[in-house]
Amino acid sequence: MTSVAAIYFFEGIPEELSNVSLRRDRRSGVRSVLLRFEQLKSLERFNSFTKKFNNFVRLVDEEGEIQVTPDSTKFIFGGMDGDEFQRLDCTFAIEQEDHWERFMRFMNRYAEANGMAFSESKK
């Protein structure tokens, strides 16, 4: 078990989260999470071809591991030729309250360990 909060797409390669957006559907009450990564260490090192990808994202902290199967994973490319990696958007829903609370404990640990801060979005 690790005491530092970390996010993994590929085993052994911790990724750095650039931003996170939390939303709640007013009608259904289902919460959704958008994790944004502007750099992927696994992609930069070409380790995506040699490390095992299990079709889920691993969120690891002192409480243990959360395995999330994304509803959507979108690679965004740009640049002059359109082949320059710009970011990865990973979206998933959380329906159960106890799962939401566990996710928020992880996010608080991750934010503290990585110098991130929470702010309300302006409407």
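I started with Arg109, which forms a salt bridge with Glu63, their closest N and O atoms being 2.7 Å apart. Arg109 sits in helix H2 and Glu63 in the loop between E5 and E6, so this pair ties together parts that are 46 residues apart in sequence. My note on the term: a salt bridge is a side-chain nitrogen of Lys or Arg within 4 Å of a carboxyl oxygen of Asp or Glu. Helices (H or I, at least four residues) and strands (E, at least two) are DSSP runs, numbered from the N terminus.

Before going on, I wrote down that this is a predicted model, where local features need pLDDT of at least 70, side-chain atom pairs count only at pLDDT 80 or more, and totals for chains, interfaces and linings use all residues. Residues are numbered from 1 along each chain as its sequence is written, and side-chain values use heavy atoms, with hydrogens and water left out.

**Who else holds on to Glu63?**

I found that the side chain of Arg105 also meets Glu63 in a salt bridge, at 2.7 Å, N to O. Arg105 lies in helix H2 and Glu63 in the loop between E5 and strand E6 (64-68), so the pair ties together parts 42 residues apart in sequence.

Next I looked up accessibility (buried is under 20% relative accessible area, exposed is over 50%, partly exposed is in between, with a 1.4 Å probe and protein chains only). Arg105 is partly exposed at 36%, and Glu63 is partly exposed at 35%. Arg109 is partly exposed too, with 24%.

**Asp61**

Is Asp61 buried or exposed? It is buried, with a relative accessible area of 0%. Its side chain meets that of Arg109 in a salt bridge (3.0 Å, N to O). Asp61 is in strand E5 (residues 53-61) and Arg109 in helix H2 (residues 97-114), so here the pair ties together parts 48 residues apart in sequence.

How many salt bridges did the rule give me? The count comes to ten.

**Arg31**

Arg31 is buried, with a relative accessible area of 10%.

What does Arg31 touch, not counting residues up to four places away in sequence? My list is Arg23, Arg24, Phe92, Ala93, Ile94, Glu97 and Trp100. Contact here means heavy atoms within 4.5 Å.
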